[in-house]
Amino acid sequence: MHPRDLLMGPQAGQRLLPVCDHYSGVPARMRKSLALQAEYSQRHGRCVFDVTLDCEDGAPVGGEAEHAALVVELLQGLDLAAPVPPRVGVRVHPVGHAAFGADIECIVGRAHERLAYLMLPKVEGVADVQRALQALDAAGGAALPLHVLIESPLALQRAFEIAAQPRVESISFGLMDFVSAHGGAIPASAMGLPDQFSHPLVRRAKLEIASACHAHGKVPSHCVVTEINDLPALRHAAHTAAHEFGYSRMWSIHPQQIEPILQAFAPPTDEVERATAIILAAQAADWAPISHRGQLHDRASYRYYWQILERAQQAGAALDAELQPFFAAPLAGQRSSP
């Protein structure tokens, strides 16, 4: 039995996604992002960040149909036979936008088999999720998971209900829209650093979304950092999101943000080494209790250390050769390719 199935039990189906979600909407940047993903995949031997092609903010007003057609062209150019298949999603317009139906018909209808997921922005509740899923299914995308953006106080109130939907794979926090939705009650400084981690309402929103995701086995994805040239600040923000706020994924909006996010979301090297030693010793003992460095470990702690190894792998860290058989194939609940 695979350690994940043995140790995680009902949680074995919990989603495992690359820790970085890289967004691009300008044509030249979309192409660059896809090429960069292939480069990273070749280097790491696995896909360590997703690319989300953006039709919401990326499409010029009045040019939505042309932008959607370009996205389809890029999707159709993906090499699904590559040693590491690409993972690409698309953010469409909200369900209430005039272009939503056309986005689904064009992109999902023509290229659903090449998509890893669909990102739905400005979700206000379960009704929006269901409406989107009906459109997906009608266009041939019944197998596609849905990623959703929570961007308002009302949506935040319904975060647990949204996370409970079976086809929802991940929830992202839309920081800037969330701040704007408060009509000036939250200062503009909360859209940036460091206030996005300290303002009480924003802090609460982040924690609620993370909690809702973990309650239902979904992936909480942290919001953007707009200070794209301040890499030390980005590193600190990514580390805070991963190690204090419970997020297991984060948005990137510039190529130079990808590597710091991967590093911040990877467990520390000494913790990976400890996890490796404990999991291998547990396997040798047929998962009975063991003593490691004078401390008792059983399946409760095995579960924790196994998840450390999963997190390390998702961030592209090199793992001990003895662990490789565990990670040679997609893990339970993991969608490794479109």
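Mentor: Let us begin with a definition: two strands pair if DSSP finds at least two bridges between them. Please also keep in mind that this is a predicted model.

The strand to examine is β8, which comprises residues 249-252. In a regular strand the side chains alternate between the two faces of the sheet. In β8, Arg249 and Trp251 point one way, while Met250 and Ser252 point the other way. All four of these residues are buried, which means that each has under 20% relative accessible area.

Next, consider the neighbours of the strand. Strands of a sheet pair through backbone hydrogen bonds, and the pairing may be parallel or antiparallel. On one side, β8 runs parallel to β1 (residues 20-24), to which three bridges join it.

Eight strands close into a barrel with parallel pairing, and their order is β1-β2-β3-β4-β5-β6-β7-β8. From one strand to the next, the twist averages 25 degrees. Helix α11 (residues 255-265) lies across β1, β2 and β8, and runs at about 165 degrees to β8.

Helices also meet one another. Two packed helices are described by the angle between their axes and the distance between the axes. For α4 (residues 100-111) and α5, the axes come within 9 Å and cross at roughly 35 degrees. This crossing is right-handed. The residues that meet there are Phe100, Ile104 and Val108 from α4, and Ala132, Ala135 and Leu136 from α5.

We may now turn to the charged side chains. The cut-off needed here is that a side-chain nitrogen of Lys or Arg lies within 4 Å of a carboxyl oxygen of Asp or Glu. By this rule there are 13 salt bridges. One of them joins Glu39 and Arg43, with 3.2 Å from N to O. These two residues are four apart in helix α2 (residues 27-44), and therefore about one helical turn separates them. Glu39 is counted as partly exposed because its relative accessibility is 41%.

Another salt bridge joins Arg91 and Asp54, whose closest N and O atoms are 2.7 Å apart. This pair links distant parts of the chain, since Arg91 is in strand β3 (residues 88-91) and Asp54 is in strand β2 (residues 49-54), 37 residues apart. Arg91 counts as buried because its relative accessibility is 6%, and Asp54 counts as buried because its relative accessibility is 6%.

The side chains of Glu56 and Lys122 also meet in a salt bridge, at 2.9 Å from N to O. Glu56 lies in the loop between β2 and α3, whereas Lys122 lies in the loop between β4 and α5, so that this pair, 66 residues apart, again links distant parts of the chain. Glu56 is buried at 11% relative accessibility, while Lys122 is partly exposed at 31%. Through shared partners, salt bridges join Asp54, Glu56, Asp57, Arg91, Lys122, Glu151 and Asp177 into one network.

Lastly, some backbone details deserve attention. Most residues other than glycine have a negative phi, and most peptide bonds are trans. The peptide bond from Leu193 to Pro194, however, is cis, with omega near 0 degrees. Pro194 is placed in the loop between α8 and α9. Trp287 has a positive phi, near 70 degrees, and lies in the loop between α12 and β9. The relative accessible area of Trp287 is 12%, and therefore this residue is buried. Arg293 has a positive phi too, near 55 degrees, and is placed in the loop between β9 and β10. The relative accessible area of Arg293 is 75%, and therefore this residue is exposed.

Key:
Residues numbered from 1 in each chain as written. Predicted model: local features only at pLDDT ≥ 70, side-chain atom pairs only at ≥ 80, totals over all residues. Heavy atoms only, no water. Buried < 20%, exposed > 50% of the residue type's maximum accessible area, 1.4 Å probe, protein only. Axes fitted to C-alpha atoms, helices over the stretch in contact; angles between N-to-C directions. Left-handed = near helix turned anticlockwise from the far one by under 90°. Contact = heavy atoms within 4.5 Å.
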